Amino acid sequence: MQTTHPRNKLYLYRYQIIVFLLLTAMALPGQAQNDPKENLGDYDAQWIHYGFLMGIHNSRYRIQYSDDFARPEMDSLHSVVPGHLPGWKVGFVVDMNLLQYLSFRVLPTVGFYEQDLTYRYTDGTSHRELKDATLVELPLMLKYKSARRGNIAMYVTGGISPALEASGKGDELDTRERLELRNWNASIDAGVGFDLYFPLFKFSPEVRYSWGLRNMLTDDVNSYDQPLKKLTYQNISFYITFEGGPSYLKNNQRKKKKR
């Protein structure tokens, strides 16, 4: 199995981490300078909230070599190297309060992905196998947040995320001589973020990591998947979410205006 040192992982994901830290750094001082009264003071009194999310991500394959890789027939293959490629996501947020600091979230999302494997040969040549996919994802997450400090709260989140490839079957003929993968997956997700309360909405930057659970290799074997025993996905994402305030607060504002 190929592994990456944690320090190298931080370097590879440096852009997502920098964006997350910059947005958080800009938002926190702005919140501190606001009026000390709490925005959306009754926000958590309503049991359900809706919103939308946008995100950027970096994804890669994680592989294990098969026994065939050590056989003499494959002496010409030096290694198979996964790459790191960016993508983006958009989706909706449905947040349901379970307890005072615990909520259940459903996050239907469309993600645009690219992953690649580079097959390096002993004669110095290489072949890059690039696969792009549009995935419909349905993360089911639990979110546990801290008590509010003014208009700021920190949270951790985790759950499972099934995903289905939303592409046509027009390219199936090409997979006979290419790496062929399954069209659905599931992952374990874990993340951390901040809830920032503004007068009319809640803004939340979040970093989330995903570990793919399913071996994406199919039972069909060709020259591209023969040296591989297992292939899973890994993904790190940076999200920003916007969730609206409780609807009854808007109704109260309308009543006050009428008076």
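Modeller: A residue is called buried under 20% relative accessible area, exposed over 50%, and partly exposed in between. The model is a predicted one, and with those cut-offs Phe-52 counts as partly exposed because its relative accessibility is 39%. Phe-52 lies in strand β1, and together with Met-54, Ile-56, Trp-88, Val-90 and Phe-92 it makes a nonpolar surface patch of about 570 Å². Two strands, β1 (48-65) and β3 (85-97), each supply at least two residues of that patch.

Turning to the charged side chains, the count of salt bridges comes to 12. One of them joins Asp-44 and Lys-145, with 2.7 Å from N to O; this pair links distant parts of the chain, since Asp-44 sits in the loop between α2 (14-33) and β1 whereas Lys-145 belongs to strand β7 (residues 140-145), 101 residues apart. Asp-44 has 30% relative accessibility and therefore counts as partly exposed, while Lys-145, at 10%, counts as buried.

A salt bridge also forms between the side chains of Asp-116 and Arg-128, again given as N to O, at 2.7 Å. Here Asp-116 is in strand β5 (residues 109-121) and Arg-128 in strand β6 (residues 126-137), 12 residues apart. Asp-116 is buried, with a relative accessible area of 6%, whereas Arg-128, at 46% relative accessibility, is partly exposed.

Finally, a network of salt bridges links Asp-95, Arg-105, Lys-143, Asp-195, Lys-202 and Glu-243.

Conventions
Residues are numbered from 1 along each chain as its sequence is written. This is a predicted model: local features need pLDDT of at least 70, side-chain atom pairs count only at pLDDT 80 or more; totals for chains, interfaces and linings use all residues. Side-chain values use heavy atoms; hydrogens and water are left out. Patches are made of residues with over 30% relative accessible area and no salt bridge: like charges are joined within 9 Å, nonpolar side chains (Val, Leu, Ile, Met, Phe, Trp, Tyr) within 5 Å. Accessible areas come from the Shrake-Rupley method with a 1.4 Å probe; for residues, only the protein chains shown count as cover. A salt bridge is a side-chain nitrogen of Lys or Arg within 4 Å of a carboxyl oxygen of Asp or Glu. Helices (H or I, at least four residues) and strands (E, at least two) are DSSP runs, numbered from the N terminus. Buried means under 20% relative accessible area, exposed over 50%, partly exposed in between (1.4 Å probe, protein chains only).
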